[in-house]
Amino acid sequence: MAIRRAEAIILRSRDYSESDRLITFFTRSQGQLTGIAKGARRSKKRFVHTLEPLSHVSLTYVDRPTSGLVRIDASELKNAFTSLRSDIARLGYASLGCEVVLEMSPERQANPSLFVLLYHYLEHLEHGADPENSSLLFQTRVLSLCGYAPNLQACVRCGQEMVAGEDWFFSVPQGGLLCRPHRRGPEIYPISPGTVMLLRQAQQLPLTRVWRLRFQRQSREECRSLLINLIRHHLEKDLKSLKLLHQIGAMQ
Ligand SMILES: [Zn+2]
């Protein structure tokens, strides 16, 4: 048994038994882990609301080699992101970010860049950044960090490089651009060269500078369904938090 202390973001919290809760969290050093918080349902004192989804905490847990589940012994709140929780749209986009990381990151695989990305994203939402713009940037980066970066250089069928002034398309199942003659198949979206350039920048800029990028109206319309459907395509499942975003009209 190893006692560990790690910075974490809570991704999911579920009832486990009459008194315990099952907490899935994302750490910088060990990636995604799930643990039992004993007595978290009964004794509010022990964890005092530090195990709510989205919270940034410092966790003390025991890693048990015989079990996939760790045992959470203590949790210290570092940032509850209280402000974003008071706004339904920002909360919806924050929940989407946590769910995407939950579904895209394998258990016990460290991905420190993904941890930093999620933390920056929550921090930007907390400080009132445009939630949809932040979410589109987050989604572009997540795809790259999880090994699913879309091909934005040339037509995936013939290799022709993107030329400005022509119509270009993006194929979700093929994960890349298609020139006009090759725009065949399901789930194809028109994409303008300006949007392609923006997405390339969102993939390549250092993280601290990414958040300055702006999706203007056309790029937003082109990417709103494209990016999330690309994520869903790789996950082969739907995302629950999209329902809330649809209900409040934040996403079509
Ligand atoms: Zn082509």
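A donor is an N, O or S atom within 2.8 Å of the metal. In this predicted model, the zinc ion is coordinated by four such atoms: SG of Cys155, SG of Cys158, SG of Cys179 and ND1 of His182. Their distances to the zinc ion run from 2.1 to 2.3 Å. The angles among the four donor atoms are 98 to 115°, and the site is tetrahedral. Ideal angles for four tetrahedral donors are 109.5 degrees. Along the chain, the donors of the zinc ion follow the spacing C-x2-C-x20-C-x2-H.

Cysteine 158 lies in the loop between strand 6 (151-155) and strand 7 (168-171). Histidine 182 lies in the loop between strand 8 (176-178) and strand 9 (188-191). The pair therefore ties together parts that are 24 residues apart in sequence. Buried means under 20% relative accessible area. Histidine 182 has 19% relative accessibility, so histidine 182 counts as buried. Cysteine 158, at 40%, counts as partly exposed.

Charged side chains were examined next. Side chains of opposite charge can pair when their charged atoms come close. A search of the whole structure finds 16 salt bridges. One of them joins aspartate 63 and arginine 4, with the closest N and O atoms 3.3 Å apart. This pair links distant parts of the chain. Aspartate 63 sits in strand 4 (residues 56-63), and arginine 4 sits in strand 1 (residues 2-15), 59 residues apart. Aspartate 63 is buried, at 8% relative accessibility. Arginine 4 is partly exposed, at 34%.

Lysine 38 and aspartate 20 also meet in a salt bridge, at 3.8 Å from N to O. Here both partners lie in loops. Lysine 38 is in the loop between strand 3 (31-37) and helix 1 (44-47), while aspartate 20 is in the loop between strand 1 and strand 2 (21-27). Aspartate 20 is buried, with a relative accessible area of 9%. Lysine 38 counts as partly exposed, at 44% relative accessibility.

Further salt bridges involve other residues. The side chains of aspartate 238 and arginine 232 meet at 2.9 Å, N to O. Arginine 232 is partly exposed, with a relative accessible area of 25%. Finally, a network of salt bridges links Asp130, Glu132, Arg214, Arg220 and Arg224.

Note on methods. Residues numbered from 1 in each chain as written. Predicted model: local features only at pLDDT ≥ 70, side-chain atom pairs only at ≥ 80, totals over all residues. Heavy atoms only, no water. Donors = N, O, S within 2.8 Å, 3.2 Å for Na, K, Ca; no water. Tetrahedral: all angles 85-135°; square planar, octahedral: opposite > 155°, others 65-115°. Helix = DSSP H or I, 4+ residues; strand = E, 2+ residues; numbered from the N terminus. Buried < 20%, exposed > 50% of the residue type's maximum accessible area, 1.4 Å probe, protein only. Salt bridge = Lys/Arg side-chain N within 4 Å of Asp/Glu carboxyl O.
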